[in-house]
Amino acid sequence: MIDIDDIRARWQLAAPFLDERGRRLFAANEALAQGLGGVTATARGSGLAHSTINRGMRELRSARNDIDRRVRRPGAGRKPAVAHQPGLPAALEALIESAIRGDPGSPLRWVSRSQRHLVKALAEQGFKASQRVVANLLRELNYSCQANSKTREGGKHPDRDAPPVKAATNAGEPAISVDTKKKELVGDFKNNGRELRPKGQPEAVRVHDFKIPALGKVAPYGVYDIAANHGWVSVGVDADTGAFAVESIRRWWYKLGQTRYPNAKCLTITADCGGSNGPQVKLWKRELQRFADQTGLTVTVAHLPPGTSKWNKIEHRLFAFITTRRGKPLVSHQVIVQLIGSTTTETGLKVCCEIDGNLYPKAIKITHKEMQAINITRDEFHGEWNYTIAPTQRPP
């Protein structure tokens with residue numbers, strides 16, 4: 001009488017440590033040891049098929065090891081999809097390449113080049129492949145999912161090198177880059193980044209970013225002296241208007257600029273095409289005229305073309321280093337000034353910062369007469385972006 005429970009106990013003890021071939025040979029050895037009825041008893045105790053046990057018995061009786069360390073004989077197992085569909089890799093690569101080149105006749109659009117859609121497109125061509133097969137083939141063909149890479153700078157654009165800036169710096173005249181940084185909420189609000197604190201004791205901040213009326217928002221307006229590698233930031237507590245932008249330039253000039261450039265006769269400004277210092281903002285131009293009259297400086301403005309604001313030097317030479325968002329809540333105006341003013345770099349950048357507590361009303365109407373009084377000369381190259389405003393009267 002064969003004890004099936006005894007076979008089952010030995011099988012459950014050894015099976016987890018064996019591969020497919022080892023389990024087959026173990027069961028075959030058990031069947032041979034039991035004699036007549038051993039195959040059926042072993043099949044019940046191990047759960048293996050009779051055919052599997054019989055194949056193992058043939059291997060043991062042959063006393064040969066034809067497959068050495070292999071689990072299966074050479075050629076065993078299901079053939080890969082490419083074996084019976086030789087044209088599958090080429091068809092798949094053709095779908096990908098046509099989409100990359102932007103072929104208008106491609107059955108796939110670049111926005112829908114997913115593995116699932118590739119499977120459907122291959123099926124329409126008569127190929128049978130699962131999503132896993134497509135994924136493996138793409139890996140073998142050296143394709144992978146990749147994000148867009150911002151590498152096309154457009155360095156040969158005529159506006160990129162800002163010729164007025166080079167001419168000004170070569171002549172020893174001041175040249176600045178200006179822009180407004182994103183508005184910041186003042187108060188105990190969450191800011192991105194991390195700050196060293198005792199473990200398990202993060203600084204508590206508000207859950208919701210609702211403006212605190214008593215503190216409001218601030219608008220940092222930056223002025224970057226290109227030749228001196230020196231920044232000035234006016235932190236406005238009111239609206240970001242053209243008057244605020246020019247007042248920031250005025251403060252830079254009287255506190256830093258005129259001392260650094262005592263013999264200056266002109267000032268070159270580079271700015272983007274949006275915000276309070278845009279080329280279509282009438283208030284910006286009127287205030288620049290007042291600034292020119294007060295200082296006696298001829299002001300040349302070179303606006304960067306639309307969509308190229310990142311060419312503005314202040315973006316990557318000043319704003320990229322301002323540390324207002326390093327995991328520290330901006331709980332007060334004083335904290336903001338200290339954080340911005342402490343910004344330095346290994347290349348020698350220094351930053352001065354102060355609060356501008358003035359109020360700047362919005363929606364100021366500039367009359368036609370005021371615009372006619374602006375002493376503006378438009379440049380031959382894109383005069384809508386590049387112009388010069390000269391003083392109408394010399395300062396006393």
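Where is the place of N229? N229 sits in the loop between strand 3 (217-225) and strand 4 (230-236); strands are DSSP runs of E with at least two residues, helices are runs of H or I with at least four, and both are numbered from the N terminus. The model is predicted, so local features need pLDDT of at least 70 and side-chain atom pairs pLDDT 80 or more, while totals for chains, interfaces and linings use all residues. Residues are numbered from 1 along each chain as its sequence is written, and side-chain values use heavy atoms, without hydrogens and water.

N229 has a relative accessible area of 16% and is therefore buried (under 20%; exposed is over 50% and partly exposed lies in between, with a 1.4 Å probe and protein chains only). Leaving aside residues up to four places away in sequence, N229 touches Y224, T347, G348, L349 and K350, where contact means heavy atoms within 4.5 Å. A polar atom of the N229 side chain lies 3.3 Å from the backbone oxygen of T347.

Helix 2 (residues 20-34) and helix 3 (residues 38-46) have axes that come within 8 Å and cross at roughly 135°. Axes are lines fitted to C-alpha atoms over the stretch in contact, and angles run from 0 to 180 degrees between N-to-C directions. Helix 2 contributes A27, E30, A31 and Q34 to the contact, and helix 3 contributes G38, V39 and T42.

Across the protein chain there are 14 helices and 9 strands. Of its 396 residues, 41% count as buried.

Conventions: Polar contact = N/O pair within 3.5 Å; in protein donor to acceptor, adjacent residues only side chain to side chain.
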